Amino acid sequence: MSRSLILGACLSSLVLLAAAISFVWTPYDYAALNIPDKLQPPNALHWFGTDHFGRDIFSMIMLGARTSIAVALVAVGIGMALGVPLGLTAAARKGSWLDELIMRGNDLVFAFPSLVIAILITAVFGAGAINAIIAIGIFNIPVFARITRGAALSLWEREFILAARVSGKGAAWISAEHILPNVANLLIVQGTIQFSLGILAEAGLSYVGLGAQPPTPSWGRMLADAQTMVSFAPHLALIPGLAIIVTVLGLNLLGDGLRDWLDPGSGWRAHEFT
């Protein structure tokens, strides 16, 4: 396995482990206010220090990981669940009005960034993690639709697909039985990348107040709260910022490593097959 895959898996596993442990244990109650201990730097009792309310930052980082992962995971799931079938349908009906309708719809969604979509949703339904999931999920749909369509188009000209068509199989059956398994590797890699982008998007939406709402911890909300105190308590911004960097870096390295590992033409796989 490549170094990128190993390092990315280790970093991603570390964040996932922290999020999983937060369900059963955190060093302190993240919602408990302790004003006398506010703005403490990292020390033996509070490994990452405390915030302006005296809350333990390490506990909030663990719970923030859970929030970010949950939002990004569901948003990517929405994008895959809707985008992949749309991409397969567009590829199977290449050149038809349905293909044109799907692709122009994708262009329309791409014209509105996830932040703009979140603002529109928030204006109607109010701010919250659910609305952040919907906004990020909507933006992921055309990404997976385009990736799936582009990969499927090249497969529809292959001999084994022609053989399946001659045998009497319909377009939907061919897409499910032959096309989808052959583009699954690409979708897994893209899903990993979109997962990291989803965490960044969730942090950005929370930073501007459109994501998870207090008292639910969020890395983006922690950065927003720390922006006026960076000069005398820099750990308030550095620690959640590093958490975002480590998570996104780990997922990107994992995606690159998976791409090399799943690609039969990459280095170690090519050596294996020779």
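A residue is called buried here when its relative accessible area is under 20%, exposed when it is over 50%, and partly exposed in between (1.4 Å probe, protein chains only). By this criterion, buried residues make up 45% of the 274 residues in the protein. The structure is a predicted model, in which local features need pLDDT of at least 70 and side-chain atom pairs count only at pLDDT 80 or more, while totals for chains, interfaces and linings use all residues. Residues are numbered from 1 along each chain as its sequence is written, and side-chain values use heavy atoms, with hydrogens and water left out.

The protein has 10 helices and zero strands, where helices (H or I, at least four residues) and strands (E, at least two) are DSSP runs numbered from the N terminus. Along its principal axes, the C-alpha trace spans about 75 × 50 × 30 Å. Of the contacts (heavy atoms within 4.5 Å) with a separation of 6 or more, 67% are accounted for by residues 24 or more positions apart. The protein exposes about 13,900 Å², of which carbon and sulfur atoms supply 70%; accessible areas come from the Shrake-Rupley method with a 1.4 Å probe, and for residues only the protein chains shown count as cover.

We may turn next to the interior. A nonpolar core is a set of buried Ala, Val, Leu, Ile, Met, Phe, Trp, Tyr and Cys residues joined through side-chain atoms within 4.5 Å. The largest such core holds 39 residues, of which Ile-61, Trp-156, Ile-179, Phe-195 and Trp-219 touch the most other members. Two or more residues come from each of helix 1, helix 2, helix 5 (129–155), helix 6 (159–166), helix 7, helix 8 and helix 9. Helix 2 gives the most to this core, with 10 residues. Leaving aside residues up to four places away in sequence, Phe-195 touches Ile-69, Ala-72, Leu-73, Val-76 and Leu-251. Another core, of 12 residues, lies apart from the largest one and includes Ile-121, Ile-133, Ile-136 and Leu-205.

Helix 8 (residues 219–226) is largely enclosed by the rest of the structure, because six of its eight residues are buried. These are Trp-219, Gly-220, Arg-221, Met-222, Ala-224 and Ala-226. They pack against helix 1, helix 2, helix 7 (171–207) and helix 9 (235–262).

The surface has a nonpolar side too. Leu-17, Ile-21, Phe-23, Val-24 and Trp-25 form a nonpolar patch with about 560 Å² of accessible area together. Patches are made of residues with over 30% relative accessible area and no salt bridge, like charges being joined within 9 Å and nonpolar side chains (Val, Leu, Ile, Met, Phe, Trp, Tyr) within 5 Å. Val-24 lies in the loop between helix 1 (3–21) and helix 2 (57–92) and is exposed, with a relative accessible area of 74%.

A search of the whole structure finds eight salt bridges, each a side-chain nitrogen of Lys or Arg within 4 Å of a carboxyl oxygen of Asp or Glu. The side chains of Arg-55 and Asp-51 meet in one of them (2.8 Å, N to O). Arg-55 counts as buried at 13% relative accessibility, and Asp-51 counts as buried at 5%. Lys-169 pairs with Glu-177 in a salt bridge whose closest N and O atoms are 3.0 Å apart; Lys-169 is partly exposed at 29%, and Glu-177 is partly exposed at 36%. Glu-100, Arg-104, Asp-107 and Arg-146 are linked in a network of salt bridges.
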